[in-house]
Amino acid sequence: NKLAKELLSTSRDFIEKGETPKKKFIRACCLASASNVAPIGKPSEAYKFQEATDILEGKGLLPRVVGDVFEVARRATHVLYLADNAGEIGFDSLLIAKIKEMGSKITLIVKEGPFFEDTTLRDASFFGLDKLVDEISTSNGFFVPSKSKPSQRKAFKKSDLLISKGTGNYEALKDELGGKKAIFMLKVKCGPIAADTGVDLGSFIVKLDQ
């Protein structure tokens with residue numbers, strides 16, 4: 001969280017250099033995607049967010065963006081945002097701020113307690129998300145609409161856009177959308193997801209699923 005917070009001022013500047021609201025939004029999506037760097041195994045050190053840093057310094061490629069994510073987000077009235085890792089949630093906060101500027105309500109789902117290195121309410125509060133979003137809900141594991149808490153099923157039902165971070169949320173949610181639009185943001189870490197998304201292994205993606 002501390003390492004991510006040190007990068008947020010530069011990240012805001014990077015986002016605001018976008019010439020249009022659409023380009024600003026895309027830049028925020030790209031940073032949120034590029035921060036999805038948790039390893040498959042146990043972390044051996046604090047995340048350095050090197051991929052996001054490379055983008056900020058003009059040395060890295062932006063993640064691939066598939067679909068008109070800005071137009072879908074612009075039209076949304078209620079977004080259900082599924083967080084992934086601690087630290088990473090700081091970059092999510094910049095994207096969430098852009099969504100709030102568009103006038104959408106946001107329900108954020110984080111983990112109830114320690115669950116790998118995923119975001120908890122404490123991590124979200126560290127970045128002020130408890131004051132930014134309209135509601136924060138906690139989950140014991142990956143969010144699956146049909147198996148979630150009644151309050152989360154209600155939030156899912158009234159949402160017209162889901163934003164999903166990371167591999168675990170992608171696998172848990174991709175066949176559970178029930179016709180809803182979703183934006184998936186993640187690093188492609190295995191062959192099956194590379195084949196499913198159409199991007200190379202190790203690539204970052206921002207993908208609209210309609």
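**Two phenylalanines.** I began with Phe 49, which counts as buried because its relative accessibility is 2% (buried means under 20% relative accessible area, exposed over 50%, partly exposed in between, with a 1.4 Å probe and protein chains only). Phe 49 sits in the loop between H2 and helix H3 (50-56); helices (H or I, at least four residues) and strands (E, at least two) are DSSP runs, numbered from the N terminus. Its phi is near 50°, a positive value in a residue other than glycine. I then turned to Phe 116, in the loop between S3 and helix H6 (121-126). Phi of Phe 116 is positive too, near 55°, but Phe 116 is exposed, with a relative accessible area of 70%.

**Ground rules.** I noted that this is a predicted model, where local features need pLDDT of at least 70 and side-chain atom pairs count only at pLDDT 80 or more, while totals for chains, interfaces and linings use all residues. Residues are numbered from 1 along each chain as its sequence is written, and side-chain values use heavy atoms, with hydrogens and water left out.

**The sheet.** I traced seven strands in an open, mixed sheet, ordered S1-S7-S6-S5-S2-S3-S4 (two strands pair if DSSP finds at least two bridges between them). Strand S1 (64-66) and strand S4 (135-139) are the edges, each pairing on one side only. I looked inside and found S2 (residues 78-82) and S3 (residues 105-111) paired in the parallel sense over five bridges. There, Leu 82 stands opposite Ile 109 in S3.

**A helix pair.** Next I checked H2 (residues 21-34) against H5 (residues 88-101): they pack at about 160°, with axes 8 Å apart (axes are lines fitted to C-alpha atoms, for helices over the stretch in contact, and angles run from 0 to 180 degrees between N-to-C directions). H2 and H5 are therefore roughly antiparallel (angles under 35 degrees count as roughly parallel, over 145 as roughly antiparallel, 65 to 115 as roughly perpendicular and the rest as oblique). Among the residues in contact (heavy atoms within 4.5 Å), I listed Phe 25 and Leu 31 in H2, and Phe 91 and Leu 95 in H5.

**A glycine.** Last, I looked up Gly 168 in helix H9 (residues 166-173). Gly 168 is buried, at 17% relative accessible area.
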